[in-house]
Amino acid sequence: MKSIKRPIFISFLAFVFGEFIAETNLYSGIRIGIIIISIVFIVGYTIITKQQVSFLVVMFLVMGLVITKSEQATRDKIYSIEDGNVKVSGIVAKITETKMGYGIYLRKSKFDAGKNENIIVYAEDVSKIKIGNVIEVRGDFEQFENARNQGNFDSRKYYESLGIYGKLSANKIVVIDKRVNIFKENIRQLKSFIEKRLDDICNKNKWNLEILKNKNSMYEAILLGDKNNLDTEIKDLYAFSGIALSGLHISIIGIFIYNSLRRKFKFFVSAFFSIIVVFLFGFLSGMAVATIRAMVMFALRLIGDAIGRNYDGLTSMSLAGILLLINNPFIIYNSGFQMSFAAIFSIIIVWKKIEYVFQFKEKIRNLDKNKENDNVISKKDRRINK
């Protein structure tokens, strides 16, 4: 399994290292020097250890550098736009409800100044807008702010990690192309329906249960990944107690469905429908970083079983990380990405080491106990012999 596990994990690290080189404020000559030294080291490692990993690792190292530099160039074009009244057109990729109204995520946005990138549009009414529509928006454009003091929340860095590079408060919205992404729009409608049902159950329950009242926002966060309506006090409690709404529930749901289907259906049917349900639930819950990571790892586990390969958590985690970074290299700054992957890495690698140490100590204790018992028995034998 080492011939498979090691290259994938090292490739993930190589991509991150390539991104790190691109993000550092170094002269291009120094960057090229670092890359050359890294490639020489990788090739040398391959020759010494006789493991064929060099091509894959070098490829991902260069990919990390090139993709990050390309995304930086696109981002900087948006950051060069001055705040003020602008006209923007783009494809509606996502619609979310906020406390102040609605957020419309536009991809392939075209500014009247000719700049193209993803932005978020804040609007009061989205009743005539559907996911997949091409809309034209007139409004006040504003850049996200950097943290003024070290350690403060950096909204620019946060939205960079989501692939969003600007915000616009809409004054006028016109739908110029009514084509609809049927799948995503139906998912949004289903999510809205579930939220309304949760609201009815919690606040208008016929049983008049006090425990359900005003709990709909918490259930929405747990079941649908929607934390917009969660009270600040509850958010602080979750943060203080160290509880995170992560991708763990994805794995629990997937394993439950798979084990239930296996009672009546064959492996391939059970695996196929389990993966479909898990991905649908992922889309329903908003496709957060931890959710995507859990989805990929779950799918790889079942696919590995299907083709007769042993599942390796480090490989699946690394592949999920590579897919996320290729889509948006700045996602590495997202706290969800960092905490999710750090937690999985700790479970897979660090915990095994800790477990081994404790087992080793337990074996030593057992040996000591056995020696003590042997000594006691030998003393009894001596007394009997006398």
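Rings of Phe, Tyr and Trp count as a pair if their centres lie within 6.5 Å. I start from that rule, and I keep in mind that this is a predicted model.

**Entry 1: aromatic rings**

I looked for clusters of rings. Ring pairs link Phe12, Phe337 and Phe341 into one. I then took the total, and the count comes to 12 aromatic pairs. One of them joins phenylalanine 17 and phenylalanine 20: the ring centres are 6.4 Å apart and the planes meet at 20°, so I note this pair as stacked. The cut-off for stacked is planes under 30 degrees apart.

Where do phenylalanine 17 and phenylalanine 20 lie? I find both in helix 1, residues 2–23. They are three residues apart, about one turn of the helix. Phenylalanine 17 has a relative accessible area of 33%, so I log it as partly exposed. Phenylalanine 20 reaches 52% and therefore counts as exposed.

Next I opened the pair of phenylalanine 183 and phenylalanine 283. I read 5.1 Å from centre to centre and 90° between the planes, an edge-to-face pair. This pair links distant parts of the chain, with its two residues 100 residues apart. Phenylalanine 183 belongs to helix 5 (residues 182–203), and phenylalanine 283 to helix 9 (residues 267–284). Phenylalanine 183 is partly exposed at 38%. Phenylalanine 283 is partly exposed as well, at 30%.

**Entry 2: charges over rings**

I searched for charged side chains over rings. Lysine 94 lies over the face of tyrosine 105, 5.2 Å from the ring centre. I also noted arginine 301, whose charged end sits over the ring of tyrosine 311 at 5.0 Å from the centre.

**Entry 3: strands**

I traced the pairing around strand 4, residues 134–142. Strand 1 (residues 84–98) pairs with strand 4 in the antiparallel sense, over eight bridges. Opposite isoleucine 91 I find valine 134, in strand 4.

How many bridges join strand 4 to strand 5? I get nine, and these two strands also run antiparallel. Strand 5 covers residues 167–177. Its leucine 168 is the bridge partner of phenylalanine 141.

**Entry 4: glutamate 185**

I went back to helix 5, which holds glutamate 185. Is glutamate 185 buried or exposed? Its relative accessibility is 5%, so I mark it buried; the cut-off for buried is under 20%. Leaving aside neighbours within four places in sequence, glutamate 185 is in contact with Lys130, Ile131 and Val180.

**Entry 5: nonpolar cores**

I turned to the interior. In soluble globular proteins, nonpolar side chains tend to be buried together. Here the largest nonpolar core has 22 residues. Val92, Ile104, Leu106, Phe111 and Leu168 have the most contacts inside it.

Which elements each supply at least two residues of this core? I list helix 3 (54–79), strand 1, strand 2 (101–111), strand 3 (116–123) and strand 4. Strand 1 gives the largest share, four residues.

Not counting residues up to four places away in sequence, valine 92 touches Ile104, Tyr105, Leu106, Ile129, Lys130, Ile131, Gly132, Asn133 and Ile135.

Note on methods: Residues are numbered from 1 along each chain as its sequence is written. This is a predicted model: local features need pLDDT of at least 70, side-chain atom pairs count only at pLDDT 80 or more; totals for chains, interfaces and linings use all residues. Side-chain values use heavy atoms; hydrogens and water are left out. Rings of Phe, Tyr and Trp (its six-membered ring) pair if their centres lie within 6.5 Å; planes under 30 degrees apart count as stacked, over 60 as edge-to-face and the rest as tilted. Buried means under 20% relative accessible area, exposed over 50%, partly exposed in between (1.4 Å probe, protein chains only). A charge sits over a ring if NZ of Lys or CZ of Arg is within 6 Å of the ring centre and within 35 degrees of the ring normal. Two strands pair if DSSP finds at least two bridges between them. Contact means heavy atoms within 4.5 Å. A nonpolar core is a set of buried Ala, Val, Leu, Ile, Met, Phe, Trp, Tyr and Cys residues joined through side-chain atoms within 4.5 Å.
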